[in-house]
Amino acid sequence: MNTILKFAFILFLVNLAAASILATTYNITKPKIEEQIRMAQAEALKQVMPEEVADRIEPVEKDGVVQYWKAFKGKSSQLNGYVFIVKKYGYSSVIETMVGIKKDGTVIGLRVISQNETPGLGVKVADISFIKQFINRNVSELELSKNNINAVAGATISSRAFLDSVKSSSMEMLKNKNE
Amino acid sequence: MKKLFKEFFKGIGSENPIFRLVLGLCPALAVSTSVVNGLGMGIAATFVLLGSNIIISLIRKFIPDQIRIPCFIVIIATFVTIVELAMKAYAPELSKALGIFVPLIVVNCIVLGRAEAFACKEDVLASMLDALGMGVGFTFALLLISAIRELLGNGTFLGFLILKNFDPILYFMLAPGALLVIGLLIGGINFLSSKRRSA
Amino acid sequence: MSKLTVSPSPHIKSSQTTNKIMWAVVISLIPAGIAGVYIFGISSLNVIAFSILSCIFTEALFLKLRNKDPKAVLDGSAVLTGLLLAYNLPPQTPFWIPIVGGMISIALGKQIFGGLGQNIFNPALVGRAFLQISWPVYMTAWKNPRWWPDAISGATPLAKKASVHFSYMDLFLGNRPGSLGEVCVIALLIGVAFLLVTKIISLRVPLSYIGTVGIITWVFGKEGFFKGDFIFNILAGGIILGAFFMATDYVTSPLTKKGKIVFGIGCGVLTAIIRLRGGYPEGVCYSILFMNAAVPIIDRFTKTKKYGFIKK
């Protein structure tokens, strides 16, 4: 009985020390980590919705979670476009994309936030050379074909998933909001 | 003094964790797709190794044998979490690229292996040098593997385009490429050392 | 290390030697090559030539490095590997694709395991798998038969969204895009007949392989339960080439009769699964490689019983 108590006490001491060190580290790094996340998001927002189009981006929250962002231009409260995040399973992972569109459905910017597609093939959906095909096009006319959007060579499945997710969610967004 | 030098250099050469002990292959396979990732993982693992070896060596006399493994795990996990938080705060890009493999240093065989095989028996200075040697050896191996993989699989080195007009060999970017590179390197090293022994 | 052959007894002496077998298989593959070159044009001859030359060169290099008799280059095995590799490639590739493929086939597929007879995996398929993973874009740039209006096609008949309809006759004669040597089924069958007459291959592996693919694609085919188009699935793709010429490779297939059938069924199941549910349209290459790895286990569990041996 005595040894068990001794072991328990030693384990308790070790864990206490570990926990207090971790708590300190957590508190030191917490503001910095939050700032990094905020910066990353602000940068992504700016990229999909540049200042020329909208200089004020406001989150729309529901139950404390950001659903999408509204983009305004100038001082007027004239709504100019939307930014939102879409997810869809591609070839080997969920492709998460931030989409910025105008109210009439013109694509302003796209940015793949996270994906884990095949290196050298599917990952190229995040490349600028693939994404720039979408810019300044109306979402409703996007399609994978020779004269429209060229799929990434050898990665048709990833390309199609990416396009579908952008297209269908944009259409839905516009339908709900423009009514 | 000579003994201490030996403790340091054995991790780089004769007891290299990847090429000789064949430990810690999981991160070596997974994150060695680019030199930056390999270096980041190497440094992170070295830091954890150093921290855990020093602490374990310091408290080795107070820890009863029966509960040493849970104590080691707690200590290692503490260091890993510190690394993870620090990386997220100061190197978010690297943290994103290494992903799950930073928290997985907890179960990296090298760290627990050194704690069990070395630090819980030897004094602090020797344990520190052992950890440094193992960490440097691990980092060196990761650098070698990731340099080969990045060059052949992507045509770049440290992100700079080296091989122009070259169709990257995707094989080396994927898991089988890592196995092939590690296998061939181990084979080559064994071949060279057996030749030296017989000569 | 004993140098005894490990096939189960009783043994019978035969005039067949490794050289003769290898060259006979090479000869049996010639009609399919001629058909391929005829269908896809003279440029596909380059693929064959580069592949064979690369294999021979790599083999010679390794024989020299390992201080072996350099004459072994001409035992036919390197030529056969090169030929099979070329037959598994698209008919038009950058010139270095078959060269790299040949080097990988011989170096990583064969010599690193200890040379002829020691390799676990079919060398030509190792090369082809490496190329498929490394340069998927070139490895799926199929060329149409030269009398078709479009030169480059995006898809073989097996591709999940193939737009062109192929009749059985098209598939049988090879009037379709596909790998260089797999398209013309009739030419392949001429070679098969030659191998059967000379008793170089038996029908155990090919029939169990093709039969399994046929049954599974019939039962679970995309046309519906028990309605799958199994004739299409057997004729389109590389099953005929794979089943008769690559799954029957002496070194990398089981020794026992029962084992051969198990091996064939395993290949068939994997091929059908990859085709019906996998990400690739075709699965012959990977399924044969996969089953190659299982050969030692298959051999162990299908050992023939010794005569008069009583199980305790």
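Over all chains, a search of the whole structure finds 12 salt bridges, a salt bridge being a side-chain nitrogen of Lys or Arg within 4 Å of a carboxyl oxygen of Asp or Glu. The model is predicted, so local features need pLDDT of at least 70 and side-chain atom pairs count only at pLDDT 80 or more, while totals for chains, interfaces and linings use all residues. Residues are numbered from 1 along each chain as its sequence is written, chains are lettered from A and ligands numbered from 1 in the order in which they are written, and side-chain values use heavy atoms, with hydrogens and water left out.

**Interface of chain A and chain B**

- Chain A brings 19 residues into contact with 22 residues of chain B, where contact means heavy atoms within 4.5 Å.
- About 1,700 Å² is buried between chain A and chain B, and carbon and sulfur atoms give 84% of that area; buried area is the accessible area (1.4 Å probe) that two parts lose on being put together, summed over both.
- Polar contact across the interface of chain A and chain B is found for 2 residue pairs (both at pLDDT 80 or more). A polar contact is a pair of N or O atoms within 3.5 Å; within protein, one must be able to donate a hydrogen and the other to accept it, and residues adjacent in sequence count only if both atoms are side-chain atoms.
- Helix α1 (residues 2-48) of chain A supplies the largest share of the side of chain A that touches chain B, with 14 residues. Helices (H or I, at least four residues) and strands (E, at least two) are DSSP runs, numbered from the N terminus.
- That side of chain A divides by class into 12 nonpolar, 6 polar and 1 charged residues. Ala, Val, Leu, Ile, Met, Phe, Trp, Tyr, Cys and Pro count as nonpolar, Asp, Glu, Lys and Arg as charged, and the others, Gly among them, as polar.

**Interface of chain C and chain A**

- Here 4 residues of chain C are in contact with 4 residues of chain A.
- The area buried between chain C and chain A is about 340 Å², with 71% from carbon and sulfur atoms.
- The side of chain C that touches chain A has 2 nonpolar, 1 polar and 1 charged residues.

- Chain C contains 13 helices and 2 strands.
- Of its 312 residues, 52% count as buried; buried means under 20% relative accessible area, exposed over 50%, and partly exposed in between (1.4 Å probe, protein chains only).
- Among contacts in chain C between residues at least 6 apart in sequence, 74% join residues at least 24 apart.
- The largest nonpolar core has 119 residues, and Leu29(C) and Phe245(C) have the most contacts inside it. A nonpolar core is a set of buried Ala, Val, Leu, Ile, Met, Phe, Trp, Tyr and Cys residues joined through side-chain atoms within 4.5 Å.
- Helix α1 (residues 18-40) of chain C gives the largest share of this core, 11 residues.
- Leaving aside residues up to four places away in sequence, Phe245(C) touches residues including Val25(C), Leu29(C), Leu84(C), Leu188(C) and Ile240(C).
- Another core, of 28 residues, lies apart from the largest one and has Phe84(A), Ile95(A), Phe134(A) and Ile149(A) among its members.

**Around Asn148(A)**

- Asn148(A) sits in the loop between α2 (128-131) and α3 (156-177) of chain A, and with 17% relative accessibility Asn148(A) counts as buried.
- The side chain of Asn148(A) makes a polar contact with the side chain of Arg137(A) at 2.6 Å and reaches the backbone oxygen of Glu141(A) at 2.7 Å.
- Glu141(A) and Arg137(A) also form a salt bridge, with the closest N and O atoms 2.9 Å apart; Glu141(A) counts as partly exposed at 41% relative accessibility.

- Asp130(B) and Lys10(B) meet through their side chains in a salt bridge (2.6 Å, N to O).
- Asp130(B) lies in helix α7 (residues 124-154) of chain B and Lys10(B) in helix α1 (residues 2-12) of chain B, so the pair ties together parts that are 120 residues apart in sequence.
- Asp130(B) and Lys10(B) are both buried.
- Salt bridges that share partners join Lys3(B), Glu7(B), Lys10(B), Arg114(B), Glu122(B) and Asp130(B) into one network.
- In chain C, Arg275(C) forms a salt bridge with Glu282(C), the closest N and O atoms being 2.7 Å apart, and both residues are buried.
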